[in-house]
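Q: Please take a close look at the cavities of this structure, and describe what lines them in one connected answer.

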Amino acid sequence: MLKRLLLPPQDDFFKLFQQAADRLVLTSTEFSKLLQDLPNQQDHVDIIANHEDEADQIALETFELLHKTFITPFDRHDIHQLTSNLDDIIDLINRIAQRFPFYELKEVPYEMVQLAELSTEATHLLKTSIFRLHSLKHSEDIIKHCNDIDEVESRAHLVVLAGEKKLFTEEQDFKQFFKLKEIYGHTKLVINRCQDVANILRGIVLEYS
């Protein structure tokens with residue numbers, strides 16, 4: 001009993017990481033739905049904004065726990081980076097979604113839908129990795145999923161190239177061109193940020209396994 005009272009609540013960190021990962025998948029999935037349901041885009045934008053608010057609260061709770069806890073499950077800097085980066089990805093998706101009603105987009109290229117689906121795939125891989133982070137016996141699985149995110153990023157790069165080539169050769173509306181090009185870039189950045197988190201996870205696994 002005394003040992004239980006003296007030990008800090010390290011499991012709470014993993015619970016918060018998992019909550020953040022859950023929120024990330026919900027956000028990326030909703031963004032993918034948005035691209036396939038543009039007539040109702042505002043509904044999806046509002047849902048994404050709510051996810052972003054909840055993710056901010058999870059990040060705040062994690063930072064408060066980090067501040068109060070003397071012994072942490074792994075390096076404090078890694079916890080801070082993991083928390084910040086997960087929150088930043090959700091914030092990025094929210095900012096992209098907010099562009100749609102602002103730009104009054106009525107349709108998007110198929111490649112953009114593909115890119116959103118790839119971002120959802122990357123977030124699912126991150127979630128699976130984070131849910132296994134509490135046990136070092138899962139280190140090989142975590143590394144594999146991180147490598148899979150690299151592969152998703154490679155596919156996303158090709159999709160962006162194809163989509164932007166089509167924009168340059170087929171899009172006649174100057175304003176539409178820049179709207180879509182910006183969204184391509186920011187959506188690809190979501191996957192790049194997932195890759196950044198994967199690199200953090202690799203570092204944690206290699207350090208503590």
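A: The lining of the second largest cavity comprises 2 nonpolar, 1 polar and 3 charged residues, where Ala, Val, Leu, Ile, Met, Phe, Trp, Tyr, Cys and Pro count as nonpolar, Asp, Glu, Lys and Arg as charged, and the others, Gly among them, as polar. This is a predicted model, in which local features need pLDDT of at least 70 and side-chain atom pairs count only at pLDDT 80 or more, while totals for chains, interfaces and linings use all residues. Residues are numbered from 1 along each chain as its sequence is written, and side-chain values use heavy atoms, with hydrogens and water left out.

A cavity is a set of points, on a 1 Å grid over the protein atoms alone, where a 1.4 Å probe fits but cannot get out, and its lining residues have an atom within 4 Å of a point.

The search of the whole structure finds 2 cavities of 30 Å³ or more, and the largest cavity holds about 70 Å³ of space. Helix 2 (10-35), helix 3 (41-68) and helix 4 (76-103) each give at least two residues to the lining of the largest cavity, which includes Phe17, Ile58 and Asp87 and divides into 8 nonpolar, 2 polar and 1 charged.

Methods. On a 1 Å grid over the protein atoms alone, a cavity is a set of points where a 1.4 Å probe fits but cannot get out, and a pocket is an open set with protein on both sides within 12 Å along at least five of seven lines; lining residues have an atom within 4 Å of a point. Grid points are joined across faces, edges and corners, and a volume is the space filled by probe spheres set on the points. Helices (H or I, at least four residues) and strands (E, at least two) are DSSP runs, numbered from the N terminus.
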